[in-house]
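Here is the note you asked for on this model. Please keep the structure open beside the text as you go through the points.

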Amino acid sequence: MPPATSRTAPETSNGFISKLSNHSVEQTVEKLKNILQSKGVALFALIDHSGEAEKVGMKMRPTKLLIFGSPKAGTPVMLAAPSIAIDLPLKILVWEDGQGKVWVSYNSSDYLKERHGLPHELLQNIAVVETLAAKAGE
């Protein structure tokens, strides 16, 4: 996969979904943080990949990863399919491509379900990522 600095439209295979944001990376991240807070979802970490690159003298387009979740929703999922712990907490990547477009990317809940053999009735516990990503980019 080419580096983000040279990419235009992101790949949509292997369970990786990207939706265009109508805002800058910073605005999209702030919007997402507010949505998470309003829903009582914990933001466990915000990783500023581009900020860390800058600290070591490298340039990278704005790229931030939010790691979030709810133990109440995630624990039953991990009990049913322990290997899914490698993909939880949920993550949303907010990044700018080489043309200045901002993308909100995440792992498809159907992909995670298939990857880890998650029972269908627990899919709703992780499917929230799709709604959050869509709202953040609106």
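The points below take up confidence, the sheet, the core and one loop.

1. This is a predicted model, in which local features need pLDDT of at least 70 and side-chain atom pairs count only at pLDDT 80 or more, while totals for chains, interfaces and linings use all residues. Residues are numbered from 1 along each chain as its sequence is written, and side-chain values use heavy atoms, with hydrogens and water left out.

2. The mean pLDDT (the predictor's confidence in each residue, from 0 to 100) is 91 for the protein, and 91% of its residues reach 70 or more. Over residues 1-7, however, pLDDT stays under 50, and the model has 13 contacts beyond four places in sequence for this stretch, a contact being heavy atoms within 4.5 Å. Where pLDDT is low, the predicted coordinates should not be read in detail.

3. Five strands form an open sheet in the order E1-E5-E4-E3-E2, with antiparallel pairing; strands (E, at least two residues) and helices (H or I, at least four) are DSSP runs numbered from the N terminus, and two strands pair if DSSP finds at least two bridges between them. Strand E1 (16-21) and strand E2 (42-48) stand at the edges with a single partner strand each, so one side of each is left without a neighbour in the sheet. From one strand to the next, the twist averages 20°, with axes being lines fitted to C-alpha atoms, for helices over the stretch in contact, and angles running from 0 to 180 degrees between N-to-C directions.

4. Strand E4 (residues 90-96) and strand E5 (residues 102-107) run antiparallel and are joined by four bridges, and Trp95 stands opposite Trp103 in E5. Helix H5 (residues 124-137) packs on the sheet, where it touches E1, strand E3 (63-69), E4 and E5, and its direction makes about 25° with that of E4.

5. Which residues have the most contacts inside the largest nonpolar core? They are Phe68, Ile92 and Ile126, in a core of 27 residues; such a core is a set of buried Ala, Val, Leu, Ile, Met, Phe, Trp, Tyr and Cys residues joined through side-chain atoms within 4.5 Å. Helix H1 (25-38), E3, E4, E5 and H5 each supply at least two residues of this core.

6. The loop between helix H3 (71-80) and E4 holds Pro89, which a cis peptide bond with omega of about 0° joins to Leu88. Asp87 is found in the loop between H3 and E4 and counts as buried (under 20% relative accessible area, exposed being over 50% and partly exposed in between, with a 1.4 Å probe and protein chains only) at 10% relative accessibility.
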